[in-house]
Amino acid sequence: QVQLAESGGGLVQAGGSLRLSCAASGRTFGRYAMGWFRQAPGKEREFVAAISWGGTVTYYGDSVKGRFTISRDNAKNTVYLQMNSLKPEDTAVYYCAARFGPATERSEYDYWGQGTQVTVSS
């Protein structure tokens with residue numbers, strides 16, 4: 001059992017930056033990949049970024065490439081999402097997820113956080 005807790009969401013202006021954090025607790029001894037997804041009202045859940053356990057392999061959704069950066073600190077059991085050049089279209093609830101396997105853009109993750117709201121104003 002792994003529990004994930006996102007933090008760092010809030011209201012930012014377009015063009016601004018925000019860093020989300022996701023702290024894992026519980027059964028964190030395994031080599032789990034982490035991912036970020038987001039969901040806006042009326043839209044399907046969208047892949048944002050993913051990172052392998054060692055941090056070597058990363059994936060990004062097309063809509064965030066060049067603007068967002070995923071990283072992790074395994075000593076702190078935490079994954080981060082640095083969000084730069086934010087756009088109003090980035091407004092969504094952001095969820096972190098963990099899986100015991102390779103990083104993937106698919107929603108095939110074993111554990112999910114509760115989500116944190118990110119709102120980007122025009």
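How many aromatic pairs does a search of the whole structure find? The search comes up with 6, where rings of Phe, Tyr and Trp (its six-membered ring) pair if their centres lie within 6.5 Å, with planes under 30 degrees apart called stacked, over 60 edge-to-face and the rest tilted. This is a predicted model, in which local features need pLDDT of at least 70, side-chain atom pairs count only at pLDDT 80 or more, and totals for chains, interfaces and linings use all residues. Residues are numbered from 1 along each chain as its sequence is written, and side-chain values use heavy atoms, with hydrogens and water left out.

One of the aromatic pairs is Phe 100 with Tyr 111: the ring centres are 6.0 Å apart and the planes stand at 90°, so this pair is edge-to-face. Phe 100 sits in the loop between S9 and strand S10 (111-112), while Tyr 111 belongs to strand S10, so the contact ties together parts 11 residues apart in sequence. Strands here are DSSP runs (E, at least two residues), numbered from the N terminus. Phe 100 is partly exposed at 36% relative accessible area, whereas Tyr 111 is buried at 13% (buried means under 20% relative accessible area, exposed over 50%, partly exposed in between, with a 1.4 Å probe and protein chains only).

Tyr 109 and Trp 112 make another edge-to-face pair, at 6.1 Å centre to centre and 70° between the planes. Tyr 109 is buried, with 7% relative accessibility, and Trp 112 is partly exposed at 27%. Both belong to a cluster in which ring pairs also link Phe 37 and Phe 47.

Turning to salt bridges, the count comes to 5, taking a side-chain nitrogen of Lys or Arg within 4 Å of a carboxyl oxygen of Asp or Glu. Arg 38 takes part in a network with Glu 46, Arg 67 and Asp 90. Its closest N and O atoms with Glu 46 are 2.9 Å apart, and Glu 46 is partly exposed at 31%. Arg 38 also meets Asp 90 in a salt bridge, 2.8 Å from N to O. Arg 38 lies in strand S4 (residues 33-39) and Asp 90 in the loop between S8 and strand S9 (92-99), so the bridge ties together parts 52 residues apart in sequence. Both Arg 38 and Asp 90 are buried. Elsewhere, Asp 62 bridges to Lys 65 at 3.2 Å, and Asp 62 is exposed at 67%.

On a 1 Å grid over the protein atoms alone, a cavity is a set of points where a 1.4 Å probe fits but cannot get out, and lining residues have an atom within 4 Å of a point; points are joined across faces, edges and corners, and the volume is the space filled by probe spheres set on them. Strand S7 (68-73) and strand S8 (78-83) each supply at least two lining residues. The lining, which includes Cys 22, Tyr 32, Met 34 and Arg 72, divides into 4 nonpolar, 3 polar and 2 charged residues (Ala, Val, Leu, Ile, Met, Phe, Trp, Tyr, Cys and Pro count as nonpolar, Asp, Glu, Lys and Arg as charged, and the others, Gly among them, as polar).

Terms used
On a 1 Å grid over the protein atoms alone, a cavity is a set of points where a 1.4 Å probe fits but cannot get out, and a pocket is an open set with protein on both sides within 12 Å along at least five of seven lines; lining residues have an atom within 4 Å of a point. Helices (H or I, at least four residues) and strands (E, at least two) are DSSP runs, numbered from the N terminus.
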